[in-house]
Amino acid sequence: MLGILSSLLTAGGWFPVGQAGGVSQTPEALFQQIFTVFVVLGSLVGIVVIGYMLYNAYKYRAGTGRGAEADDSKKVTRPEPGQIPTGSGGGKKLFLSFGISAVIVLSLIVWTYSALLFVETTPEQQESDLTVEVVGEQFAWQFHYPNGETSVNEMVVPEGAMVELEVSTADVFHNFNIPKFRTGADAMPGHTLETWFVADERGNFTAECREICGAGHSGMNAQVRVVSQEEFEEWYGGSASGSNGGAGNGTASNASGANADLRTAATIGGVGA
Amino acid sequence: MSEHADGGHLPPRSSVKRWLVTTNHKDVGILYIVTALFFLVFGGILALLIRTQMWSPGGTILSGMGYNQAVTGHGLLMVFWFISPFAFGLANYVVPIQIGAEDLAFPRLNALSYWMYLFSGLLFGTSYFLGSSLQTGWTIYAPLNVPTYIPDVAAVGSVAAILGLLLFVASVTVSSVNFLTTMYRMRAKGLRMRDLPLFSLSILLTVWMMLFAFAALLSALFILSADNILGTTYFANEAGGAMLWTHLFWFFGHPEVYIVFFPALGIMAETFQTFSGKRIVGRKWFVLAMALVALQSFVVWMHHMFLTGINLPVKTIFMATTIGISLPFDLMMFALIYTLIKGKIRFTVPFLWNLGAVILFIVGGITGVFLGAVVLDYQFRGTYWVVAHFHYVMVGGATAMFGGLYYWFPKMTGKMYDRRLGLWNFLTYFVGFNLLYFPMFVVWETPRRVFDYSEGFTPWHRVATLGAFLLAFSFVIMFYNLAKSIYSGDPAPDNPWEYGSSIEWSIPSPPPLDNFPKGIPSYASGKLEFLSEEEAIEVRDGTAPSGRGAAAAADGGTVTATDAALETSAEPALEAAHEEEHADHASWWPVTVSLSAFVLFLGLSGIQFQYFLWPGLLAIAFFIAYLGIEGARRDGFASIHALMVGLGGAGFLVVLQLLAIDKGGLGAAIDGASPYFWVTTLGAFMGTASLISMGWESFSLPEPTLAEQWPFSAVGRWKLGMWVFLASDVILFGAFIGSYLFMRVANGWTDWHHLIPAEHVVMPGLINTYLLLASSFAVVVALEAAKHEKRKQLIGWLSLTFALGIGFLINKGIEWEHLAHLSTEAFPEGWFLTTNVASSTFFLTTGLHGAHVIIGLLITLFLITRAWTGAYMGEEESGTIEYFGLYWHFVDIVWLFLFPLFYIV
Amino acid sequence: MSQLRTYTIMFVVLMVFSTTQAMLEFTGLLEQYYWTIFAVIMVLSTIKAVVVAGWYQHLRYEPRSVTYMMASGLLAVVALTTAAAYSIL
C-alpha cells in the first residue's frame, strides 16, 4: 500500500525516487540530492533572515540611524514603566512571513517523505542481491552470510550489488553505518532492523558504530570491501578467508548453493548512474 | 520591617549564616545563579577535556572509559545542573517582582529546592570519586545502564550519578509546584495572565512543562535505580527494555529541551522590546505560539527514535508533529525581528548578547529542520550534525540568558557592569562559539562520543578545539567583569534601561527585602500604581473611589472579602498590615533536609541488596519516637508524646530483633554491613528529624491583600500547591503503570500469565481494596469532625485511618512473604523482585504505592500527635487535614487501578 | 448530616464495584470474553476513581480548572502509553 503511495508520489517525476520494480537511485545518491537541496535552501533562508534582522538593527539604531530621529509621538508608541503590555500590531506582516516559511518547510517535508517511503519499501518490493546479517557486539561487527559464513570486522560485497542488511545486537545498543553508501540502522536489543544500499563503487570503506556502547565505542569500526564480481565469488565460494573466526569452510557444494543466492552481474540491472 | 526574632530573623548579607538560612526569593535567585555558574565551569572543563582529546584522531589524554565519563558528565552537568538552574536563578529573582508578589508562595520550599539542587550536583560530582562515574552518555540508554553492562569499577559511581539526578528531579518538582502556585495566586490586581511580561509568561509555560515532563523522568530513574540496586529486570528485558527506556526518557527529553530554551525566549523578547523601545509585534500571536509549542512538546518525542524499531506509520505521525512544532518557532523569530523595525535601537551589552542569541538560534533551528526530514535523519543520527544542531539551539539559549544576566545585573546589585569588558566578553564568546560549533557541521560525519575520527577531519576538529578555549576564556572575562563591577561599578538607577516597562524597573536597585517600598503594586486602574494597605483593601472590597479598581476585569479572579477573611482571619485593616510584617524569611531546615538527602543517597549508591530495607525500617521507628520528642518540645508535654516515644522505642527494638533474625545475630548483622549501610542509616535519621522539625516550624506566609487569582481564586494556597503536586504524581504513577503495560505488550500480553505463579490470586488485592476504601472514608469523616471542632472524633477517625492503613501493609506483607518464599516447579526460588519482568513490574509498582502508603501513615501519626494537643480545630485550621486527605485519596485512586491491572486481568 | 450520608453512599458504591470486578474474574467470565470484560473492569475502576475524586477529594465543588489540570496529566500518560505500545505493534 505504501508502495502504491510511493508510486503515486513519484509520478510527477519531480520526486527523487525511482519507479517500483527497479532501483533507479541508490540511497547514497538520494541522500546527496536531498541534502544538497536542504543545504542550499537552508543557507539561503538563514542568510536572508539573519541579514534582514541585522540590516534593520543597524538601520534603526538610536545613535545615528533612523532610530535617532524616530519620533516618540505619533507613529510609534514607546513602552513606559508601569504600562500594561500590549502588542504593537503588525499581525499581517507576521502572518505573511509565517505563511511563506510554513509553505517552504511543509513542501520540503512532503517531498522528502516520498524518499522515505522509497528507502523503507524498496527491500520489500525488490529482491536484494545479497542479504547480510550484521550483529554488533562490544566492540566489533559480525557479518553472517546466507551460506553460513561469518566474518568479523570485514564485510565483502560484490560491486553493483544491492545489499540488504539485517542489523541486530548481541549485547547493548549499537548503530551500524557505512557513511560512503549512506546506509545505516540501529542495532537495538530485541529487534532486527533492516536497511539496504547499493555497492556501486569498488574500494575499501569504513563502517562505524554511532551509538555509545561502552569503553571501546570509539574506534568500533569495520571494513567494507567492495570487490569485483569474480573476486567476490572466489571469496564467498572459497573459504571466506581473510577473516577471523569464520565458522566452517566453504566447500564446492556450498559454492554452488551460494551462487544460487546471487544474481549474476548480467542480471544486476537498473542501477542508476 | 521583617527582621525580628522567632526563626524569621535574617542576618546581613555579608554573613555566611544569612545564605544558609535565607528563604527570600532574591537571595535564592542569587544562590542559583552563582551555583549554576560553578556547574558551568565544571561541565566546561569536561568539555575542554573532550576537545583536547579530539585534537588528533585516536585521542590524546583519556582512555575510552575516561572519555565516556567526560562526555556523560559534560552532558548531564550542562543540561541539568547548569542551564535550567541558571534560568531559574533569574526567574526566582525577577518573576515575583514582575508579577507584583513579595516572595514565592512557599519560601521555605524555594530554599529547599535550591539546596536539593546544590547537593544533587555535589552527589553527582562525588560519583567520580567512588570508582568511576556513569559512562553511558547523558541519554543513559538501556541496557548499557544496567549492572550487566556497567563496569564493576563504575558500579557505585553510576548509581550515585543516577541518584544525584533523582534528587535533582525532586528539587525541580518542588520548584514547579512553588512557581505555579505563586503565579496563579499572587499576581498584582489587574494583571491578567495574558498581561504578564514575556519573561514571566515564558517561565510559567516552562514550569508547566517541568511539572509533567520531570515526573516521567522520575519514574524512569526510579525504575533504573531499582534495576541497579534491587536487581529488577525492566531495562535488561530482551523484548522491550531498551525501547521502554527510549520512550520514557524521550517523553521527558523532548519537553526538557524546551524547558531549557523557553526562559531564553522570554529574555529575548524582553530585551528586544526594551532595547528597541517597541512592544513586540503580534504579542497575542507570540504568546499563543509559545503556549502551542509547550503543548506540542509532548507529542514529538519519537523523533529521537526514528531509527529504533518503531513502525513506519508512527514515524510518519511524529515526523508530521515535529514539523508542526517548528512552525510556531518561525512565527516567534519573525515577531522578534519585526519588532526592530521603527525601533530606537541601543546596542547595549544585553542587547548584543540577545541579538547574537537569535542568530545562533536561527542557525540551530534551520539545521533542526534537516533532522525532521526522516530520510536525512537516518544518516545524521549519532553524528556531529546532531551535536552541532543542539549546541547551536541550547547554547544559543544560554547566550540569551547571559544577556539576561547583564540585563538584570544592575537591578540585582545596584551597580552597572563595565561596558567595555562586557563588549569584549560578547565578542570573544561569539567568535569562540562559532569557531567551536560551526566546524561540527562541516565534519558532521564524525560519530558522536567518538574520538577516533577520519584523518581528513583533523583541521576542522582543531579549529573547534581552539574555539573551545576561546569560548572558555570569554567566561574569564565575564566573571572578572561581574565580580569587579559588584565592588567598583557605577551605581545603577532604578531604571538603567529606557523603555523598560515591567515592575522591576519601578523599584530600587537593589530592591529591599519585601520588594515594593512604595506600596502594594496594582494595575487595577489600567497602569501600575503602588497602593497603601488601606487603598488596597478598598480596591479588594470594591469600595474604592471610581478610577481606582474600576478597570478591574470581571473575570471572577479577584480576591473576595470572604477569601481574605479566611486567610487573614477577618481582622480590621490595621491587623492585616501587622500580619504582613510578620513574614518569616529564614529557616535552617531547607539546608538540613537537603544535606540529609545527600547523605542518604550517597549511602544508597553502594548499599548491598540485603541491607536495603533496614535503614528505612529503623528510620520509621525513629520517626515515631521523634514525633513524641519534638512534639513535647513544641506543643508542651502530653500523654500522646509519651505514647509516641514508647511506640517508637518499641518499634526500634522490634526492627533490631528482625534484623538479628534475618542476618543470624546482631553481631553478624553489624559485621556484614558495608560503610554504605551506616551512611544510609545516618542520612535517613537526619532526614527524618529535619522533616519533622520543618513540619513543626512555625513559618508565616501572609496572604497578599490584593491579588489576581484566576482561575484558581477559590482554591487556597496550600490546597492549590497540593493539587499541583498530585498532578505530577499522576504522571509518576501513570508512567509506572504505562511501563508495565508496555512491557506486557512487548513480551506478549496473554503469555504474561506464564511469568506469574498460580499462587498470585485476587483475594489479597481485594482485601487491600476494601481496607483502602474504608480508610478513605475514615479520612473524610475525620475532616468533617475537624471542621466541626470535634477533637476526640478527629483523633478517633484518624486513628482508624492509621489502623486500616497498617492492615493494608500487613496484608501486603503476608502476600509478599508468601510469593517470595514459594517453591514450585516453575518458580523454585520463589517469585520476587529479581525473578522475571512480570515480578519486577508487580513488586516495584505496588512497592512504590506501598511507599506512598507508608508516608501517608507517618503523616497520619504526625496529625494525631498534633490533634491531641488541640490543632486543626475549625473551618480554617482543619485545612491541613483536608490537604492530607487529598493526598490519601489520591493514593487510594492509584490502588483502584493497580488492583485490576495487577491482580485481575 | 447530609454530607456524611453522601460519603457513606459513595463508600458502599465503591465497595460493590470492587467486589464486582473480583467476581468477574472469579466466575470465569473474564477468561471467556477477555477483552470485553477487561474493558468493563477498567470502566468500573474509572467510575470508582471519579467518585473518590469528585466527592472525597471534593473536586466536584472546586473550580473546574483543577479538574482540567488533573485530567491533562492523565491524558498525557495515557497518550504516552498508547503511543509507545502502538509503536511496537
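pLDDT is the predictor's confidence in each residue, from 0 to 100. I noted this before anything else.

**Entry 1: ground rules.** I am working from a predicted model, in which local features need pLDDT of at least 70, side-chain atom pairs count only at pLDDT 80 or more, and totals for chains, interfaces and linings use all residues. Residues are numbered from 1 along each chain as its sequence is written, chains are lettered from A and ligands numbered from 1 in the order in which they are written, and side-chain values use heavy atoms, with hydrogens and water left out.

**Entry 2: confidence.** I looked up the overall scores and found ipTM 0.97 and pTM 0.91. Chain C has an average pLDDT of 93, with 99% of the residues at 70 or above. For chain B the average is 92, and 95% of the residues score at least 70. Chain A has a mean of 80, and 74% of its residues reach 70 or more. In chain A I marked residues 10-22, where pLDDT is below 50 and the model has 26 contacts beyond near neighbours in sequence; contact means heavy atoms within 4.5 Å. I also marked residues 240-273 of chain A, again below 50, with 48 such contacts.

In chain B, pLDDT stays under 50 over residues 1-7, a stretch with 19 contacts beyond four places in sequence. Residues 547-580 of chain B are below 50 as well, with 55 contacts beyond near neighbours in sequence. I then went through the elements, where helices (H or I, at least four residues) and strands (E, at least two) are DSSP runs numbered from the N terminus.

**Entry 3: which chains touch.** Two pairs of chains are in contact, and chains A and B share the most contacts. Chain A and chain C have no contact, and their closest C-alpha atoms lie 10 Å apart. C:Q57, C:M69 and C:L80 supply 14% of the area that chain C buries against chain B, more than any other three residues.

**Entry 4: helices 10 and 13 of chain B.** I returned to helix 13 (residues 419-442) of chain B, which packs with helix 10 (residues 349-372) of chain B at an angle of about 10 degrees, the axes being 10 Å apart. Axes are lines fitted to C-alpha atoms, for helices over the stretch in contact, and angles run from 0 to 180 degrees between N-to-C directions. The two helices are therefore roughly parallel (under 35 degrees; over 145 is roughly antiparallel, 65 to 115 roughly perpendicular, the rest oblique). The contact includes B:W353 and B:G356 of helix 10 of chain B and B:F426 and B:F430 of helix 13 of chain B. Its residues divide into 12 nonpolar, five polar and one charged. Ala, Val, Leu, Ile, Met, Phe, Trp, Tyr, Cys and Pro count as nonpolar, Asp, Glu, Lys and Arg as charged, and the others, Gly among them, as polar.

**Entry 5: helices 3 and 4 of chain B.** Helix 3 (residues 64-99) and helix 4 (residues 107-126) of chain B pack at about 160 degrees, with axes 12 Å apart. That makes helix 3 of chain B roughly antiparallel to helix 4 of chain B. Among the residues in this contact I listed B:W81 and B:P85 of helix 3 of chain B, and B:Y117 and B:F124 of helix 4 of chain B. By class the contact has six nonpolar, five polar and no charged residues.

Entry 6: Most residues other than glycine have a negative phi, and most peptide bonds are trans. The bond from B:S509 to B:P510 is cis, with omega near -10 degrees, and B:P510 lies in the loop between helix 14 (458-488) and strand 1 (520-522) of chain B. The bond from B:W710 to B:P711 is also cis, with omega near -5 degrees. B:E789 is not a glycine, yet has a positive phi of about 60 degrees.

Notes: Buried area is the accessible area (1.4 Å probe) that two parts lose on being put together, summed over both.
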